[in-house]
Amino acid sequence: MTINLVIKTSFVKWKIGAITSFIVLKDAYMLTTGNQLKAARILAEIEQKELAVKAGLNVNTIRNMESAGNGPIAGRAANVQMVQKVLEARGVEFLNHGRPGVRLNIK
């Protein structure tokens, strides 16, 4: 994968006033919404509690991330990245082609 462009974006969730920053790399897609996380977790066949343990987080953190629904996940970017890494290790691929999505990458 050639990475030659870094775009810094910020997502704001006004309801609780939290700001989360993500760095998006060319040809790499990020976990951005609560629904995207929930769909990825279901595809990976992993429960919230197990995901939290594997990511080194509290299960309430995963619940809060998923509760964002169609909105951006509010929280620490490092936590979101840890969750994404765990899900990617289980074969989940994150898509952001106009709208956030996921698919299972079976090799």
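Reply: Helices and strands are DSSP runs numbered from the N terminus, where a helix (H or I) needs at least four residues and a strand (E) at least two. The model is a predicted one, in which local features need pLDDT of at least 70 and side-chain atom pairs count only at pLDDT 80 or more, while totals for chains, interfaces and linings use all residues. Residues are numbered from 1 along each chain as its sequence is written, and side-chain values use heavy atoms, with hydrogens and water left out.

The chain has four helices and four strands, and along the sequence they follow the pattern β-β-α-α-α-α-β-β. Of its 107 residues, 37% are buried, a word that stands for under 20% relative accessible area with a 1.4 Å probe and protein chains only, whereas exposed stands for over 50% and partly exposed for what lies in between. Among contacts (heavy atoms within 4.5 Å) with a separation of 6 or more, 55% join residues 24 or more positions apart.

The next step is the core. A nonpolar core is a set of buried Ala, Val, Leu, Ile, Met, Phe, Trp, Tyr and Cys residues joined through side-chain atoms within 4.5 Å. The largest one here has 20 residues, and the members that touch the most others are Leu37, Leu51, Val83 and Leu87. At least two residues of this core come from each of helix H1 (34-43), helix H2 (48-55), helix H3 (59-66), H4 and strand S3 (92-95), and the largest share, four residues, is supplied by H4. The contacts of Val83 show how such parts meet: leaving out residues up to four places away in sequence, Val83 touches Leu31, Leu37, Leu51, Ala55, Leu57, Ile62 and Met65.

Now we can turn to H1 on its own. Its buried residues are Gly34, Gln36, Leu37, Ala40 and Arg41. These five cover an arc of only 160° around the axis, and therefore lie on the same side of H1; the arc is that of the directions from the helix axis to the C-beta atoms.

The partner of Arg41 is Glu66, and their closest N and O atoms are 2.5 Å apart. Because Arg41 lies in helix H1 and Glu66 in helix H3, the pair ties together parts that are 25 residues apart in sequence. Both Arg41 and Glu66 are buried.

By the salt-bridge rule the count comes to three, and another of them joins Arg103 to Glu93, with 3.0 Å from N to O. Arg103 lies in strand S4 and Glu93 in strand S3, so this pair ties together parts that are ten residues apart in sequence. Arg103 is partly exposed, at 42% relative accessible area, and Glu93 is partly exposed as well, at 24%.

H1 also contains Leu43, which counts as partly exposed at 34% relative accessibility. Together with Leu104 and Ile106, Leu43 makes a nonpolar surface patch of about 280 Å². Patches are made of residues with over 30% relative accessible area and no salt bridge, where like charges are joined within 9 Å and nonpolar side chains (Val, Leu, Ile, Met, Phe, Trp, Tyr) within 5 Å; the areas come from the Shrake-Rupley method with a 1.4 Å probe, and for residues only the protein chains shown count as cover.

Glu45 sits in the loop between H1 and H2, and at 69% relative accessibility it counts as exposed, whereas Leu37 and Ala40 are among the buried residues of H1.

Methods. A salt bridge is a side-chain nitrogen of Lys or Arg within 4 Å of a carboxyl oxygen of Asp or Glu.
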